[in-house]
There are 2 protein chains.
Amino acid sequence: MPLLMMESNMGGKMIMRIDLSNENLMLHETLYFTGNGYIGIRANFEEGYPSDYDSIRGSYINGYYESYPITYGESAVGFPKVGEKMVNLMDGQGIRIKIGGDQFSMFDGQINAFDRGLDIEKGYAYRIIDWTSPSGHRMKIEFRRLTSFVVKEVAVISVIFTSINYDGVVEVLSSVEGEVTNYASEDDPRVADDHGMLMDIQQNEILGGTVIFKASTKRSNIEVGLCALHEPRMHQMMVGGHRSEGITDFNITKGESKRVDKYLVFTDSIRHTDVTNDGLAILSKVVDQGARDLYDQQSLYLEEFWSRSKVEILGNQAVEEAVNYSVYQLLASAGTSKQSQISAKGLSGEGYEGHYFWDTEIYMIPFFTLTNPELAKNLLSYRYDTLDAAKARAREMGHALGAKIPWRTISGIESSAYFPAGSAQYHINADVAYAMIQYYIVTKDLSFMIQKAFEVIYETARIWLDMGHFDEEGRFRIHSVTGPDEYTAIVNNNYYTNAMAQYHMKWAMKLLNTISDYDFEAFKTLESKIGIKAREMDMLLRAADKMYLPFDKKKRISVQDDGFMEKKPWDFESEDEKKRPLLLHFHPLTIYRHQVLKQADTVLAHFLLDNEDDEIMKRSYHFYEKLTTHDSSLSPCVYSMMAARIGEGQKAYDYFMKTVRLDLDNLHHNTKDGLHIANAGGAYMGIVYGFAGLRITEDGIVIRPLLPKKWQSITFSYFYQGIKVKVTVGKKIKIVTSGPISLCVYNRWYEVDGERTVTYNESN
Amino acid sequence: MPLLMMESNMGGKMIMRIDLSNENLMLHETLYFTGNGYIGIRANFEEGYPSDYDSIRGSYINGYYESYPITYGESAVGFPKVGEKMVNLMDGQGIRIKIGGDQFSMFDGQINAFDRGLDIEKGYAYRIIDWTSPSGHRMKIEFRRLTSFVVKEVAVISVIFTSINYDGVVEVLSSVEGEVTNYASEDDPRVADDHGMLMDIQQNEILGGTVIFKASTKRSNIEVGLCALHEPRMHQMMVGGHRSEGITDFNITKGESKRVDKYLVFTDSIRHTDVTNDGLAILSKVVDQGARDLYDQQSLYLEEFWSRSKVEILGNQAVEEAVNYSVYQLLASAGTSKQSQISAKGLSGEGYEGHYFWDTEIYMIPFFTLTNPELAKNLLSYRYDTLDAAKARAREMGHALGAKIPWRTISGIESSAYFPAGSAQYHINADVAYAMIQYYIVTKDLSFMIQKAFEVIYETARIWLDMGHFDEEGRFRIHSVTGPDEYTAIVNNNYYTNAMAQYHMKWAMKLLNTISDYDFEAFKTLESKIGIKAREMDMLLRAADKMYLPFDKKKRISVQDDGFMEKKPWDFESEDEKKRPLLLHFHPLTIYRHQVLKQADTVLAHFLLDNEDDEIMKRSYHFYEKLTTHDSSLSPCVYSMMAARIGEGQKAYDYFMKTVRLDLDNLHHNTKDGLHIANAGGAYMGIVYGFAGLRITEDGIVIRPLLPKKWQSITFSYFYQGIKVKVTVGKKIKIVTSGPISLCVYNRWYEVDGERTVTYNESN
């Protein structure tokens, strides 16, 4: 019987049984974190934990980082010398409460009832405790926290006291603590192993009741400000060392309710000219506005968001809730300011050091592209904003021209210290371009292409000419790269890389022609800025045209890379299934020499490109499926979507269930380090790209539904070139649009303008 | 016009013009170092240098190391956590001299004549300066240093004063300095980049005129002792901080000579039970014996050594001297005590941190195997002594059985922090076995096989069964390894690796049968100790039999690895030739994806195994030669020897000249970090294996001479199964033996017992 039972509904409640084990508290710190794309605050208990508890007490700003020197036992040319990591900020969460002299603690007195959750409709997290203190005073205490989607710098923690049997004084001690460190793990390569404070406190004072903190990272020299104010104001305020505290007290009588709101405003010097003054100005405004109004504003914001983004599933309430939880976390993670994107764990934890990887483009942005193209555009702009760093990286890697997208980064520099599974993943160049191209197809936003995207697409495309070469048979080959499957490294002609590079180069030329046709002046400007030459254009077309895609003639499948078919089989039968993920149990060379996959690779290319005939994709799927451990959270969703694509409903459903519950059920045992945001994107895609079978093609949107048998219908919306399209897939398909569109269901195109119901046949 | 002119003859004199540039002094610190296989002392000026000079002032003990933690930007399972480095010991070199109040310095006063050299016949280094002090006192000062081949712990520095125009007091201040650090370089990956003292001084006192130093490494906790005494005794002795000093003075008159001998005894706790007491006992003995006797003893030792080892070349004196210089350095580097072997730089510098690599077995031991089999046996025993560590390493790398020889090590643990060019070089297992097998063939020393070697050979052989697998066509394949050519990494079916593994497995079984035939009890003991099973024996035979050796049918050449022929060509024409070695200018991935070699790989296999027909070896040679940069010092000698093998005399000569002069002419610009001892081995082999064409085969010794046109003859000796064979190859071949042997010249076998002259034809 599981200790934890989680229930949720679109009303947003997730209710848990009382489980105060350390392990689960760390998990819940992640699951109930509050974020708005700019700031993220983990759901730590305001009042703290027993001293033997381990907690990742964290507040973060998206794109706020510290630099650190990377050391190598043996270094080589082009190994990055400096890495970056997201910084744990000053902790504004601290609130301690005394009731009749009894210190409130979840681990003391008696908990009569306990309710904790994240309201994804209203946009706040809450914790409600009906508590009897050791002296017998009974009080209901509700904590609520919000990070505002409207004013991104703002977080509010509200505490609402309702006395049940107590008349007397309640004392509230609220703190801001500047002595913070990042979380460290010595054993897990996926968590950083550094200790120590990353920031110097530069200002810590109280002015007119306002706590003013300013700190700066020691090496990257980026300032962060935290201004805090309480309503009602605190009676006593103290500054000491790295800490500021305030105390207030008030009388309460049975049945009465009292409330304290703690306003926190985070600012940073990348996005603010003066962190303190900007912070104070924002604070003053939101305090005038009042906490209640901020909560209302949050609801309104989300109402609009859900009208675009909500996924409805008739027939499985739990899945609907889990998918929408994922959708909410995508929003909560998405940077909307300059130099920020979506990191692997969003703002929910420190796993992967807050780095941005390829999964943003391949797994997360698709949701935004379909439902919130403006947000998608912001996210895609990040690679344009950091293009200079990518060009500099290309030079470090020996390329005279072009840009090399870093494998993991915050500011745009390469932060990967293990190139076989880092810089060797050249496919990220194509992945970034792919997301931009998909955005273009859906939006036809040519001005974004001209202003930003094309330059990124072209600069990243020209690298392929230097990476690859034509062999004696005239085929274009790309050697010594690593594909998405990191259980095979530094290989030749990785199918995924080659196929994506082909798409990339083709589209670079296609977009160039389109821009030239529609805006010749813009074309000339770009041509001159980028230094595009006729010979290079020819080469890009020829390389795309002659791209070598490994194929096994006997098995009639696409081949992961040149040596893959001849590898030693992994002994799945004798192997201890507990030794997962393999990367935590085996030396890389042991993994590399065996025929075993961490995650979808060739199958992912088939999913993204839909470029082979159905039978090849089907056989390839079955071949690779047997060899895949799914040690990466990026894998099951792809196997789910491709199962749907090849008509295997049960498999699609089974893999989907592993995706949609991955964090909620802590399937990878590391959700404490943060949510798997790419997997959250995968959960959304599992519905829309998987069961509804949506694909973005040059001709328009195609769907090929294959619903799980027990589900009555799924409903979702998307925007196609500005027109909203709401699709309900059940036995039939109902389409409601805000204007005229074409939509293909299986192989047949329908014109819709308003509402239309069409029938379909899965075997078509 | 070169500043430095070096001359040498078998009398051992190398005379240089006066060149006191910093760069050349660092080079000469290496070239004139004194070593005896146990201790090595760089040829630093006793009196020191100007303060702006950079010097690598170093004394070392073979196999004496400190441990240090290896850090990784991103770590993974099986990455070594601890590395080792050779420690720079307490400095006993310091001797300062005052003549009439003038401090002797090469950079002050006037140098009337200067002679410096290494006498390889007598076994000491010397520096003779005819100096006029600033006040006009003229004195000849001769420094001599010896590290005894007979009593390995002992070094002596003698200073001989001969007054030319001075009557008065000479003051000598002699010191032992404990505050020493290893040399550090931040930029060059081939030199360690660590700073700081590696040892704690535990004892520093003077007892009865004897300086007694004891120190211990901070982490590995290995003690080192240094006891020093002067003859004549010092007048005043002082201990202060990390330093001990003694002062003596004496009167000298014109024409008179005086002498001071400084005795230094180094001991360490790996090889001595009590470093201080053992050191004092040895010191007392050698002081009684007297310095002159130590010099005489050294001459006698070397007389015996040269009688076995000398190479004579009629027609090129300079080459003869350079080859014998190399031969001497092999001796000076060769460990003869437990847990020591030959490091990449011997004891002449700190490059590669004093680590032992595969080159000991492949490039250095062949000289000993042929000329000094007892020393060879000692060197080969090292892998037996450290077999437990190699077995533990195999487990770390995921092998349930067997031993994995570390790529670089001192104590036997893996110290390589970059596995693509470290642990991935599984060929080292076969290299070690190869050297043992060659030793066996030459000596027929079955008892060494039974006692030590066979266990190493078998434990290292069984790894291949886990590394490789049989493919659908029944061929045995080995994936994800790196061959000797580190410009290509983590490849499949590296020709060198596969061919050497084949030889390795065949011989493991052959030796097993031999032992079983000759000593069944020993066989049973080994079978049980190693856990040899019939099934494994079958598999070893089958894997060897079915080994896949890549071959290009069109070009009819052996292929370096599965993907090699399809790689992108390196643009040798446009490339700046100054960008060498490539590894200091290009990211590994840039190098890996191109068809370019650092060093002989397939060609080395052809050299060692002589396993393909002549035409295939010839074509392969020409194919790979064009692609090889020779960025490794291990390369030109192999290209020289194989050129001789395929009948291309001019090429053989040209590559040989690059080998034989590599350190003397500082061709790699890094001889300051130490001699390239493998290259020294290569210089010897260039004569014996190259121009004489010697090969050790199961049937006996084969020679296929191909002399450089301008040489009249080469003479060398070897021992075959205890019989001394002296061979002079000129127009004819003169063979002198101490007993009956068979010798094959080209394809014809000759019986010799005593003396015989045979004719030969190169085109045979």
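Residues are numbered from 1 along each chain as its sequence is written, and chains are lettered from A, with ligands numbered from 1, in the order in which they are written. Because the model is predicted, local features need pLDDT of at least 70 and side-chain atom pairs count only at pLDDT 80 or more, whereas totals for chains, interfaces and linings use all residues; side-chain values use heavy atoms, with hydrogens and water left out.

The interface brings 53 residues of chain A into contact with 53 residues of chain B, contact being defined as heavy atoms within 4.5 Å. About 4,000 Å² is buried between chain A and chain B, and 57% of this area lies on carbon and sulfur atoms; buried area denotes the accessible area (1.4 Å probe) that two parts lose on being put together, summed over both. Of the area that chain A buries against chain B, 18% is supplied by Glu74(A), His587(A) and Arg593(A), more than by any other three residues.

Eight salt bridges are counted between chain A and chain B, where a salt bridge is a side-chain nitrogen of Lys or Arg within 4 Å of a carboxyl oxygen of Asp or Glu. One of them joins Asp466(A) to Lys568(B), with the closest N and O atoms 4.0 Å apart.

On the side of chain A that touches chain B, at least two residues each come from α7 (387-396), α10 (463-467), β20 (468-470), β24 (568-569) and α14 (588-592) of chain A. Helices (H or I, at least four residues) and strands (E, at least two) are DSSP runs, numbered from the N terminus. The largest share, four residues, is that of α14(A). By residue class, this side of chain A comprises 22 nonpolar, 18 polar and 13 charged residues; Ala, Val, Leu, Ile, Met, Phe, Trp, Tyr, Cys and Pro count as nonpolar, Asp, Glu, Lys and Arg as charged, and the others, Gly among them, as polar.

Within chain A, five strands form an open sheet with antiparallel pairing in the order β7-β6-β12-β17-β16; two strands pair if DSSP finds at least two bridges between them. Its edge strands, β7 (102-103) and β16 (236-240) of chain A, each pair on one side only. Strands β12 (residues 168-177) and β17 (residues 243-252) of chain A run antiparallel and are joined by ten bridges, and Glu177(A) stands opposite Arg243(A) in β17(A). In chain B, an open antiparallel sheet of three strands has the order β1-β2-β3. Strands β1 (34-35) and β3 (59-61) of chain B each have a single partner, so one side of each is left without a neighbour in the sheet. Three bridges pair β2 (residues 39-41) of chain B with β3(B) in the antiparallel sense, and Ile39(B) has Ile61(B) as its bridge partner in β3(B).

Over all chains, the structure holds 84 salt bridges. Among them, Glu47(A) and Arg127(A) meet at 2.8 Å, N to O. Glu47(A) lies in the loop between β2 (39-41) and β3 (59-61) of chain A and Arg127(A) in strand β9 (residues 124-132) of chain A, so the pair ties together parts that are 80 residues apart in sequence.

The peptide bond between Arg580(A) and Pro581(A) is cis, with omega about -10 degrees, and Pro581(A) lies in the loop between β24 and α14 of chain A. In chain B, the bond from Arg580(B) to Pro581(B) is cis, with omega near -10 degrees.
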